[in-house]
Amino acid sequence: MTMLPPEPTKKLGLVIDLDICVGCHACAVNCKEWNTGGYGNALSDQDAYGSEPSGAWLNRIHSFEAVPMDAQGTPQPSDARIVHFPKSCLHCDDAPCVTVCPTGASYKRAEDGIVLVNEDHCIGCGLCAWSCAYGAREMDRASGVMKKCTLCVDRIYNENLPVEDREPACVKSCPANARHFGDLADPSSDVSVMVASRGGFDLMPEQGNKPVNKYLPPRTKTSRCASQTRDDEVPDLVSLAQNNQSTGILGWLDRTLDAIS
Amino acid sequence: MHPASSVIFFTTASGAGFGIMSWLCVAILMGHYTLTPHTIVMGVIGLVLAGAGLLSSTLHLGNPQRAWRAVSQWRTSWLSREGILAVLTCLNFAGILALYLTSGVVLPWMAGSCLVLSLLTIIATAMIYAQIKPVPRWHTKLTVLCYLGFSTSTGMAVIASVSPTRYHVYLAFGGLVLAWVFKLLWWQRASRTSLSHDGSTTATATGLTGFSSVKLFEKPHMTQNYLMTEMVFEIGRKHAARLRQIALLAGGLLPFICLGLAIMTGQTAGFVMLSCVMHLIGVGVERWLFFAEAEHVVALYYGKS
Ligand code: SF4
Ligand code: SF4
Ligand code: SF4
């Protein structure tokens, strides 16, 4: 049924921290691994061992170069930074991918807001992928059906898994803890608190899709790392190393040994 | 967007088919003529074109055997509506022909409903594209006008080729001019409609709006993927400009001259046939460009700005 449900009271989704993501692609690999054996058809690859491999992935990591500016808006190119940017379905409230679907294969769940594809009904027309501004849907070239992030619906409610494993594969595998899962409709949930305190934002709000997933911005760099201090105030590493600030028992040992020698 | 030949053939052929049906229904409603062997040939051509187009549109599906499911979501989906309307139009029109052939009767109300259904089908086809907000060049009512324009112009071009009366030639001439007026307006809008037409930029796509510039450093992978081949289709600017000239020349100018000559010399049949063939080819090229030149905002994640 491709009519959108009334606004769900529970909105499960992800919060992705662009300050913390190190761009290791672990979440993407684990996503592929879990979902190729889980929900629906396997996630196929084409020419997997050839020179032009391609395949369906539900989560991909792009890397961007961002040049900051100072308070006056002057670009600071020597402070350019890399921002790793993981992207999967945002489980939008106003999901155009759902309403365009001619077969009813695409749907949004009323109970938790997860957007899914019923692969037995999908004809592989591709219209939903066209309607998604974020490129969150990919056609599986082997099975001819549309694939997208399921929010690991087969993990989060899976009673065969230990409780601590009932979260999305990508969240579970992130070695830097840059991905968080929770109910974004509940203002007291961890993810909602995180979004509120860190200034979490929507991707492309102008497209009007009201995504549920939120992103957290990279923090501004501290001035010690900024270029203007780097050039004239290179920290003196030797004296830094000799600077004896250690406290506690080790500090005492250090000072005592220093005094003896 | 990737120009799939099955979809280009589908929109061009079924567009012409529904154009023919619309015109024949108009003729019946105006009482200009009842059905004759000529109009029956036209009607059959219309049905065949519409049917062939619809069949070809299923060719690009991943699972065409389930295509029947596409009639279920008419409440929200333009693609679903299009499928239903197309089938209803063809049935209605086939009913008109069958009734006439068996009992010699033509019922105006059947022509009326068929005309409405046929025009709605063309509009639904256009809306499949015009509704896609992430493709700013498609997302305009002008897209609907272009589809209506080319459906009626190609439909009348076919009718005039089968029956090159003065009346048909005038209509074909008028239809051609009108269709190209819409298309030129569409092209003009397209040329000032960038990927950022609705405010989407690499910065809003990543949310990195507080920076002075944001650009792609590394793609997620080194080779192509579905999103890139389907939606980040690249066409050289020079290439596009030349193809526009070809579309305009073959699809507009030459048919215009042919029809003009037909009107002036009275040597209608050959000129009209030639203009019809060229017009159809030109519209095919135009349709190819409609896809190839359309940029999707997902390209912002792949280095376009
Ligand atoms: S991110 Fe794309 S696929 Fe996911 S719900 Fe939003 S529009 Fe649909
Ligand atoms: S590809 Fe499948 S899920 Fe997407 S719109 Fe077509 S039928 Fe629906
Ligand atoms: S929630 Fe599951 S399906 Fe979605 S990106 Fe993460 S691992 Fe992939």
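H25(A) is partly exposed, at a relative accessible area of 26%. Here buried means under 20% relative accessible area, exposed over 50% and partly exposed in between (1.4 Å probe, protein chains only). The model is predicted: local features need pLDDT of at least 70, side-chain atom pairs count only at pLDDT 80 or more, and totals for chains, interfaces and linings use all residues, while side-chain values use heavy atoms, without hydrogens and water. Residues are numbered from 1 along each chain as its sequence is written, with chains lettered from A and ligands numbered from 1 in the order in which they are written.

**Domains** (bounds from an automatic or database domain assignment)

- Chain A splits into domain 1 (12–216) and domain 2 (231–260).
- Their C-alpha centres are 46 Å apart.
- Chain B splits into domain 1 (1–131) and domain 2 (165–305).
- In chain B, the two C-alpha centres are 24 Å apart.
- Domain 1 of chain B gives 14 residues to the contact, and domain 2 of chain B gives 17 residues. Contact means heavy atoms within 4.5 Å.

- α1(A) covers residues 26–37, 12 residues in all.
- From first C-alpha to last, α1(A) reaches 17 Å, close to the 16 Å expected at 1.5 Å a residue. The expected span is 1.5 Å times one less than the number of residues.
- C27(A), A28(A), C31(A), K32(A) and N35(A) are buried in α1(A).
- These residues sit on the same side of α1(A), because they cover an arc of only 135° around the axis. The arc is taken over the directions from the helix axis to the C-beta atoms.
- E33(A) and G37(A), on the other side of α1(A), are exposed.
- The cover over the buried residues of α1(A) includes β2 (45–46), β3 (54–55), β4 (59–67), α5 (169–173) and β10 (179–183) of chain A.

**Positive phi in chain A**

- H25(A) has a positive phi of about 65°, although H25(A) is not a glycine.
- The loop between β1 (12–17) and α1 of chain A holds H25(A).
- C152(A), also not a glycine, has a positive phi near 50°.
- C152(A) lies in the loop between β9 (146–148) and α4 (153–156) of chain A.
- C152(A) is buried, at 6% relative accessibility.

**Ligand shells** (a residue belongs if one of its heavy atoms lies within 4 Å)

- Ligand 1 has C89(A), H91(A), Y134(A) and R137(A) among the residues around it.
- The ligand 1 shell divides into 10 nonpolar, one polar and one charged. Ala, Val, Leu, Ile, Met, Phe, Trp, Tyr, Cys and Pro count as nonpolar, Asp, Glu, Lys and Arg as charged, and the others, Gly among them, as polar.
- Around ligand 2, the residues include C101(A), T103(A), C122(A), C125(A), C128(A) and M146(A).
- The ligand 2 shell has eight nonpolar, four polar and no charged residues.

**T202(B)**

- T202(B) is placed in helix α7 (residues 202–206) of chain B.
- T202(B) is buried, at 9% relative accessibility.
- Leaving aside neighbours within four places in sequence, T202(B) is in contact with F64(A), V214(B), L300(B), K304(B) and S305(B).

Notes:
Helix = DSSP H or I, 4+ residues; strand = E, 2+ residues; numbered from the N terminus.
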